[in-house]
Amino acid sequence: MTHQTTDTANSEGPRLASVRGISVSYDDRGAGCPVLFVHGHPFDRTMWEPQVRALAGRGYRTIAPDLRGYGRSTVVPGVTSLDTLARDLAALLDHLELDVVNVVGLSMGGQVALELYRLFPDRVDALALAATNPLPETETGRARRRAMADRLREEGMRGYTDEMLVGMMTAENVRDQPAVADHVRAMMYAAPPEGAAAAQLGRAERPDHTMLLRHISAPTLLVVGQHDGFTPPGGAELMHVRIADSVVEIIEGAGHLPNLERPGRFNEVLRRFLEQARTRPRDR
């Protein structure tokens, strides 16, 4: 596969695209090799701001959308599957006239990235999966997500956020990085409850991506925080065994959000991976 480079540089600020019957809000900054950033739950495109600042204008074009149901994108009640989210992203790429991109996803965003690869492997030049679990949901997990969806619809995001902030970040980082903690809390508070609930229901029925891993031929970076309780480092090692062209990076001192808790180290790892991926010749 050839590596697509774009020369389009767009001004800062969110844009809107009409795709698949919804409006998708996205940031499109920089010029050069395109990188698509896929946020996790219950966040929005701003969770990637440290990475966008590090890459945009330095040889990369960064595209960071709000997924359906999050941020400023359209909220669609019901169930939002990973398939739906992945097809939304493919439609956004069509809108931007981008055939091939590098894809970076965290947590739920990593699951969406895997689904995007499953559906459209020729559109993914390289994969970076952070804090990502490829396994299907367990029966207990499905029940928990369904109950959480009901709670979010009934109570909103505040109680859930207050309970989950420590966990998304380590307790030490919440204490020592108040500005980062405030950003994470603000994103979680602002998430539309109906959209977050729909995604929870979709993830309750998420597919098993473990068989897909052996078929991934794109260079793949597997990143995890040293103290991530949701997706511990051992999970990244297991993915590494299954993905032929993959590398694991464990971010010391980080929890479930290594890109925000340790942005300097995360950016260094990501930039090095992208540079190696874009300069390595390979047949896909």
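Me: In this predicted model, helices are DSSP runs of H or I with at least four residues, numbered from the N terminus. Which helix gives the most to the lining of the largest pocket?

Reply: The largest pocket holds about 540 Å³ of space. Among the 24 residues that line this pocket, Glu137, Arg144, Arg145, Arg203 and Phe230 are the closest to its centre. At least two lining residues come from each of α3 (108-119), α4 (139-155), α5 and α8 (193-204). With four residues, the helix that gives the most is α4.

Me: How many charged residues does the lining of the second largest pocket have?

Reply: The second largest pocket has about 230 Å³ of space. Its lining comprises 19 residues, and the closest to the centre are Asn133, Pro134, Gly235, Ala236 and Met239. The helix α10 (233-242) is one of the elements that supply at least two residues. By class, this lining has 13 nonpolar and five polar residues, and the number of charged residues is one.

Me: Is Thr170 buried or exposed?

Reply: Thr170 is found in the loop between α5 (158-168) and α6 (171-176). A residue counts as buried when its relative accessible area is under 20%. The relative accessible area of Thr170 is 10%, and therefore this residue is buried.

Me: How far apart in space are Thr170 and Glu261, C-alpha to C-alpha?

Reply: Leaving aside neighbours within four places in sequence, Thr170 is in contact with His227, Ala254, Gly255 and Glu261. Thr170 and Glu261 are 91 residues apart in sequence. In space, their C-alpha to C-alpha distance is 8.6 Å.

Conventions
Residues are numbered from 1 along each chain as its sequence is written. This is a predicted model: local features need pLDDT of at least 70, side-chain atom pairs count only at pLDDT 80 or more; totals for chains, interfaces and linings use all residues. Side-chain values use heavy atoms; hydrogens and water are left out. Buried means under 20% relative accessible area, exposed over 50%, partly exposed in between (1.4 Å probe, protein chains only). Contact means heavy atoms within 4.5 Å. On a 1 Å grid over the protein atoms alone, a cavity is a set of points where a 1.4 Å probe fits but cannot get out, and a pocket is an open set with protein on both sides within 12 Å along at least five of seven lines; lining residues have an atom within 4 Å of a point. Grid points are joined across faces, edges and corners, and a volume is the space filled by probe spheres set on the points. Ala, Val, Leu, Ile, Met, Phe, Trp, Tyr, Cys and Pro count as nonpolar, Asp, Glu, Lys and Arg as charged, and the others, Gly among them, as polar.
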